[in-house]
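Reader: Hi! Could you walk me through this one while I have it open on my screen?
Author: Happy to, let's take a look together.

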Amino acid sequence: MWMVVYISRDKEKINKLLSALNKCDIMTMMRSAVDEVGGCSAYEILVPQTELDEAQDVIFDTELSES
């Protein structure tokens, strides 16, 4: 089962996190969250449930290194 691990409106940030996750051999999927008007309001990163903990660690470490 795929789990949402991160949500952001910033596509550049999503792409950086997807890259970091893929470098750690974590399977990822990205999808757009559509608002009521039909426009993209946010992006979601999904990972398999079995890789959720590792993905959260990678995202946390990636965000810390950007600070």
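Author: Let's start on the outside. Trp2, Met27 and Met29 make up a nonpolar surface patch, and together they have about 290 Å² of accessible area. Keep in mind that this is a predicted model.

Reader: Thanks! Where does Met27 sit in the chain?
Author: Met27 is in the loop that runs between α1 (11–23) and β2 (29–34).

Reader: And how accessible is Met27?
Author: Its relative accessibility is 47%, so Met27 counts as partly exposed.

Reader: Switching to charges: how many salt bridges does a search of the whole structure find?
Author: The search finds three salt bridges. As background, side chains of opposite charge can pair when their charged atoms come close.

Reader: Let's go through them. What does Lys16 pair with?
Author: Lys16 forms a salt bridge with Glu12, and their closest N and O atoms are 3.7 Å apart. Both belong to helix α1, and because they are four residues apart there, about one helical turn separates them.

Reader: How does Glu12 count, buried or exposed?
Author: Glu12 counts as exposed, at 53% relative accessibility.

Reader: What are the accessibilities of Lys13 and Glu63?
Author: Lys13 has 25% relative accessibility and counts as partly exposed. Glu63, at 26%, also counts as partly exposed.

Reader: And what does Arg31 pair with?
Author: Arg31 forms a salt bridge with Glu44, where the closest N and O atoms are 2.4 Å apart. Arg31 lies in strand β2 and Glu44 in strand β3 (residues 40–48), so this pair ties together parts that are 13 residues apart in sequence.

Reader: Is that Glu44 buried or exposed?
Author: Glu44 counts as buried, because its relative accessibility is 14% and the cut-off for buried is under 20%. Arg31 has 41% relative accessibility and counts as partly exposed.

Reader: Nice. Now the inside: which residues touch the most other members of the largest nonpolar core?
Author: Those are Val5, Tyr6, Leu21 and Ile45, in a core of 15 residues. The elements that give two or more residues to this core are β1 (2–8), α1, β3 and α2.

Reader: Which element gives the largest share?
Author: That's α1, with five residues in this core.

Reader: Could you zoom in on Ile45? What does Ile45 touch?
Author: Leaving aside residues up to four places away in sequence, Ile45 touches Met3, Val4, Val5, Tyr6, Ile14, Leu17, Leu18, Leu21 and Met29. Met29 is also part of the surface patch we began with.

Reader: How far apart are Leu52 and Ile26?
Author: Leu52 and Ile26 are 9.1 Å apart in space, C-alpha to C-alpha, and 26 residues apart in sequence.

Terms used: Residues are numbered from 1 along each chain as its sequence is written. This is a predicted model: local features need pLDDT of at least 70, side-chain atom pairs count only at pLDDT 80 or more; totals for chains, interfaces and linings use all residues. Side-chain values use heavy atoms; hydrogens and water are left out. Patches are made of residues with over 30% relative accessible area and no salt bridge: like charges are joined within 9 Å, nonpolar side chains (Val, Leu, Ile, Met, Phe, Trp, Tyr) within 5 Å. Accessible areas come from the Shrake-Rupley method with a 1.4 Å probe; for residues, only the protein chains shown count as cover. A salt bridge is a side-chain nitrogen of Lys or Arg within 4 Å of a carboxyl oxygen of Asp or Glu. Buried means under 20% relative accessible area, exposed over 50%, partly exposed in between (1.4 Å probe, protein chains only). A nonpolar core is a set of buried Ala, Val, Leu, Ile, Met, Phe, Trp, Tyr and Cys residues joined through side-chain atoms within 4.5 Å. Contact means heavy atoms within 4.5 Å.
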